[in-house]
Every structure is written in C-alpha cells, then in structure tokens.
Amino acid sequence: MPTLLDSLPALYRGLFPASFHKEVPVEEKATCARCAMCKDSGAAAVESVDGVDRFFRPDTKCCTFHPRLPNYLLGALLSDERPELAEGRRRIEEKLASRVGVGPQFLRPPAKYALLYSSMRGAFGRAGALVCPYYDTKGGGCTVWPYREAVCSTWFCKYVAAEDGRRLWTTVKTYLTLAEIQLSRYALLELLPDYLLSGRDKVDPTHAPLRAEDLDEQPLSEKEYRELWGAWVGREAELYRASYELVRKLSPEAFQRVMGLDGVVELRVLEARHAAATATQLPKVLKLNPSTTMKWLPDGSVALGCYSEYEGLALPGEAYALLVEFTGKEPVEAVRERLRETKQADLGPDVLRALYQHRILTEA
Ligand code: SF4
Ligand code: SF4
C-alpha cells in the first residue's frame, strides 16, 4: 500500500513528519488516464444534479482550476532540467514575463479568473474558460505535475473510503496549504524581508475588488511592481530558485518549527482522519440519512447519493426496503437479526461499511 507521502511532491519527503508515512489505500476510483468523470470512461458517474450535466469534458477533466504556486515549488520546477518538464518551465516563464499574478510569495491566478471561479455554478470540469494554464489540453496531462500545489495534490473526484477519504485528503490539503504559506514566508524572511515586514503576506490580492486593469488582465503598474519585488525586479526566477534552495536545506526539525503550533494541531487532526479512513469497525447504531438522494435505474437497481455530487452507490432495488429499517433506535446487529427473521434478507458487513462511508447510513 502507498503512503500519504507517495501522493505528494517529492520535495516534501525529507521534511514531513511520521504521520505522512502511514499507509493509505490507492485512490483507484479516480482513474485519471481514462477519466472516471467523462462519459466514455465506463465508470458509473452521477449524470446530472438538478438538471445540470455532471459529466466532465475530456479536454478539461478536473483541471478547470488555476493553482496558486508558492515560490519554492516554482524554483524547484525551474531548477529541474528534465526534458519532460520543458513545457511546464516554458509556461511558468511565460507567466513571469506577463507579470500578471506574479509575486515574490506566490504565482497566483489572475483576479478575473478568481472571480469567475468563485461565481460559477456547475461549470467545474466542463468550462474551457476555466482550464488551468498548465494543463496540456492535447495530451490530457499536467505540465508541472511533480511540483503541483496543495489542491492538485489532494483532490479526487471519488474516494475509496468515500466521505472518510474525502475528509482525510481535505486535512492533507489543509496541512499542505499551511506548509506552502509558511515555507514561502520562511524563504522571504531571508531573501526579501520587507515583503513580510510590510504585511504583504497577509493580503490576498486575488480577492480585492477588480480594477479595469484586472478585467483586461494587465499587470501592475511599473511603480507597484517595483514596490512588490524590491531589488529582485527582473530576477523573479532567481528569487524562486533561491527560495527552493533554502527550503531544500531545511531539516525536519526546522520544518516543524516553521509550521509552529498550527502544524502540530493539523497533524493531530490528520491522524484522527487517517484512523477513521482506514477503520474497519462500524458505529454500533446507524440510521438512514434523510439527506440521501435516490434514483431508480432502468435495470431495477437504485442509485443512492449522499456525500458527494460526483459519486453514488448502486444497490439492488430490494435493498432499499432494508435500509429504511435502520432508524437509529437499535444496534446494527439487532436490525440485521430482525431482517433475517422477518424478511429472510441481510446486509453484510462490507455493504454496511460502504453505506456508512457514503453516509447513506449515518451515526444515530
Ligand atoms: S481525479 Fe480528475 S482526472 Fe482523475 S478521474 Fe477524477 S475527474 Fe478524472
Ligand atoms: S497544475 Fe496540473 S493538476 Fe493542477 S489544475 Fe493545473 S494541470 Fe491540473
């Protein structure tokens, strides 16, 4: 079984603590090479929600997202001379030349993109206008994959442990996001302290009111850009590479100090979520979740959905009549016994586990 670290950029392998060496199941439902959310994948997908098509476009898949790349990951990419990353380096250099969203701490999405993204409904996975600038639409892959950021490292459309898997990976994302903030600040404290001392790291320009320049995706004025970058103007890639060198030399102990108390708390949450995602025991009492959606399928089976708009669970039609017997008033084993006696039917531990992980059955 792979570990959590196996899913993350290699740069973190020497830094992250023991909790990241825990084993996790392969997220095999997210079959990216033959995208499980595309119509021709053969995988069962939720076709529509409230009349909105939920299949993803094969030329966008889930890369309808613009990442926010921290300085040290950019430096690592720009320092990596492998030919297969040439296109990724070229796209980053093109971004740097545009000066749009280019800052000492992060290479951010343009403000106009961020507004579109936060205002969309049902367009994720389906809007060409939202495709990531680092996505290879012809080859269907990521040009910066070894140096992807927190969201891209932890998002799956479907999780082997369903809701428990989603919670685990969301916690990993939170930890990674904290690492990106703290490590990029750590580098700037050394390389461009004025950026931190003037509080620029506390401001997220992506969500400021849009100016005319933002709508036209124009860069900051020369004066504003010089104030932002100080002595590093014209040497942006150099600052990113220097940030990578500083982060690369950190020891695991120094990394823990950089992460501070917030890092310690997030690790505790991570450990609890990992335990839940890999647990085999069920809660003693379960009830049918009233938020469950159901749809009868032409073959007589029933599709049940709860934890995600991207994944449902199909059961034989007669199983639904058994589910309603779970009212939260008696232990699971007592319900099963009653079902065996009165209906000559049963729901086995694996089915119950899947129903619980999808939160179709939930704790009473
Ligand atoms: S994670 Fe993205 S690319 Fe992979 S199967 Fe899911 S939607 Fe497709
Ligand atoms: S950085 Fe890569 S994985 Fe992330 S959205 Fe862009 S193309 Fe997809």
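Q: Into which domains is the protein chain divided?
A: Domain bounds come from an automatic or database domain assignment. Here the chain is divided into domain 1 (4–278) and domain 2 (286–363). This is a predicted model, in which local features need pLDDT of at least 70, side-chain atom pairs count only at pLDDT 80 or more, and totals for chains, interfaces and linings use all residues. Residues are numbered from 1 along each chain as its sequence is written, and chains are lettered from A and ligands numbered from 1 in the order in which they are written.

Q: How many residues of domain 1 are in contact with domain 2?
A: Two residues are in contact if their C-beta atoms, placed from the backbone, lie within 7 Å. By that rule, 12 residues of domain 1 touch 11 residues of domain 2. Helix H5 (residues 162–191) gives the most to the domain 1 side, with 4 residues; helices are DSSP runs of H or I, at least four residues, numbered from the N terminus.

Q: How are H5 and H10 oriented to each other?
A: Axes are lines fitted to C-alpha atoms over the stretch in contact, and angles run from 0 to 180 degrees between N-to-C directions. Angles under 35 degrees count as roughly parallel, over 145 as roughly antiparallel, 65 to 115 as roughly perpendicular and the rest as oblique. The axes of H5 and helix H10 (residues 252–278) come within 9 Å and cross at roughly 165°, so the two helices are roughly antiparallel.

Q: Which residues surround ligand 2?
A: A residue is near a molecule if its C-beta atom, placed from the backbone, lies within 6 Å of it. Those surrounding ligand 2 include Cys63, Cys132, Cys142, Cys152 and Arg148.
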